[in-house]
Amino acid sequence: MPELPEVEVTRLSFSNRIAGASVLSVRLGKPLRWPLGCAPDDLVGQRVLAVRRRGKYLLLDLERGLLLIHLGMSGSLSFAAQMTPGGVHDHFDLVTTQGRLRLHDPRRFGAVVFAPGEDAGMACKLLGRLGMEPLSADFDPLAFARGLKARRSAIKQVLLAGELVVGVGNIYACEALFHAGIRPTVRAQSLSRRRADRLHLAVREVLGRAVARGGSTLRDFSNANGDAGHFQLEAMVYGRAGLACKVCATPIKSIRQAQRSSFYCRLCQGV
């Protein structure tokens with residue numbers, strides 16, 4: 001499932017090329033998670049002002065309103081001047097004067113939704129409860145530590161929930177917890193300020209490194225240029241159950257938490 005680094009890498013791969021483009025036409029394929037929310041022709045003639053990201057959502061700012069794009073579990077975007085006709089898994093095309101933006105989503109858990117503003121319609125519903133952006137200056141260590149103290153759930157689940165900090169999906173939660181030396185099963189409220197600060201730094205560093213490495217390609221992720229990510233080659237624990245820890249050589253352990261696999265080192269993450 002594309003996580004924050006993959007969404008940010010996707011944004012970076014086409015945002016400059018589509019900015020300033022005018023919409024020529026819109027093609028819809030099979031229904032996605034939510035309806036578009038407007039008539040496709042309402043988008044024709046509008047200019048794309050910029051492409052932003054909020055959590056795992058891409059926001060295409062238009063002259064009147066915005067489009068929210070979510071990649072779901074298996075979605076990817078491509079942007080090019082010329083493309084072949086849309087295939088069975090291509091469910092949205094935004095044809096512009098500077099190229100065609102296409103959403104490819106075999107499982108159709110993704111979405112493209114129009115909203116009149118970020119504080120209105122589906123945008124308000126989808127973005128309103130999201131937590132702090134981990135790669136921005138708004139990711140405050142004190143607010144993070146206080147938020148952890150208010151939560152009794154396991155720290156891994158708190159990171160995944162997205163209400164305190166957004167975009168830390170399964171891969172990067174496992175990696176950040178390893179770098180912070182914290183087991184995924186520890187209750188969030190039990191972390192001291194010192195350990196909370198270590199985790200805060202680890203989240204920023206892991207996500208930043210993942211963006212620099214183009215995200216993680218475990219199956220078929222690629223950015224809007226078709227380039228795969230390489231962060232998975234540097235993973236310390238994720239997907240390495242039974243293999244030796246790269247730091248201490250202890251076999252990496254895997255457990256299930258809320259239907260998700262968690263990977264950790266029993267020695268490096270001793271408590």
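Reader: To start, where does arginine 108 lie?
Author: This is a predicted model, and in it arginine 108 sits in the loop between strand S7 (99-104) and strand S8 (111-115).

Reader: What is phi of arginine 108 near?
Author: Phi of arginine 108 is near 60°, which is a positive value in a residue other than glycine. Most residues other than glycine have a negative phi.

Reader: Which other residue has a positive phi and is not glycine?
Author: Alanine 249 is one, with phi near 75°. Alanine 249 belongs to the loop between H6 and strand S9 (253-257).

Reader: Since you mention H5, how many of its residues are buried?
Author: In H5, 10 of the 11 residues are buried, and the helix is mostly covered. Among the buried residues are Asn170, Tyr172, Cys174, Glu175 and Phe178.

Reader: What do the buried residues of H5 pack against?
Author: They pack against H1, H4, H6 and strand S10 (260-264).

Reader: At what angle do H5 and H6 cross?
Author: Their axes cross at roughly 130° and come within 8 Å. H5 and H6 are therefore oblique to each other. The crossing is right-handed.

Reader: Which residues meet there?
Author: On the H5 side, Tyr172, Glu175, Ala176, Leu177, His179 and Ala180 take part; from H6 they meet Arg198, Leu199, Ala202, Val203, Val206, Leu207 and Ala210. The residues of this contact of H5 with H6 comprise 10 nonpolar, one polar and two charged.

Reader: What about H3 and H6: how far apart are their axes?
Author: The axes of H3 (residues 141-149) and H6 (residues 193-212) are 9 Å apart, and the helices pack at an angle of about 120°. That angle makes H3 oblique to H6. H3 passes H6 in a right-handed crossing.

Reader: Which residues of H3 are involved?
Author: Pro141, Leu142, Phe144, Ala145 and Leu148 of H3 are in contact with Arg193, Ala196, Asp197, Leu199 and His200 of H6. By type, the contact of H3 with H6 has seven nonpolar residues, one polar and two charged.

Reader: Changing topic, which residues touch the most other members of the largest nonpolar core?
Author: They are Phe144, Leu148, Ile155, Leu159, Ile182 and Leu199, out of 29 residues in that core. At least two residues of this core come from each of H3, helix H4 (155-161), helix H5 (170-180) and H6. H6 gives the largest share, seven residues. In soluble globular proteins, nonpolar side chains tend to be buried together.

Reader: What does leucine 159 touch?
Author: Leaving aside residues up to four places away in sequence, leucine 159 touches Phe144, Val165, Val168, Ala173, Leu177 and Leu199. Another core, of 26 residues, lies apart from the largest one, and includes Ile18, Leu32, Ile69 and Leu103.

Reader: Last one: where does serine 13 lie?
Author: Serine 13 is in helix H1 (residues 4-18). At 10% relative accessibility, serine 13 counts as buried. The C-alpha atoms of serine 13 and phenylalanine 79 are separated by 8.6 Å, although these residues are 66 residues apart along the chain.

Methods:
Residues are numbered from 1 along each chain as its sequence is written. This is a predicted model: local features need pLDDT of at least 70, side-chain atom pairs count only at pLDDT 80 or more; totals for chains, interfaces and linings use all residues. Side-chain values use heavy atoms; hydrogens and water are left out. Axes are lines fitted to C-alpha atoms, for helices over the stretch in contact, and angles run from 0 to 180 degrees between N-to-C directions. Helices (H or I, at least four residues) and strands (E, at least two) are DSSP runs, numbered from the N terminus. Angles under 35 degrees count as roughly parallel, over 145 as roughly antiparallel, 65 to 115 as roughly perpendicular and the rest as oblique. A crossing is left-handed if the near helix is turned anticlockwise from the far one by less than a right angle, and right-handed if clockwise. Contact means heavy atoms within 4.5 Å. Ala, Val, Leu, Ile, Met, Phe, Trp, Tyr, Cys and Pro count as nonpolar, Asp, Glu, Lys and Arg as charged, and the others, Gly among them, as polar. A nonpolar core is a set of buried Ala, Val, Leu, Ile, Met, Phe, Trp, Tyr and Cys residues joined through side-chain atoms within 4.5 Å. Buried means under 20% relative accessible area, exposed over 50%, partly exposed in between (1.4 Å probe, protein chains only).
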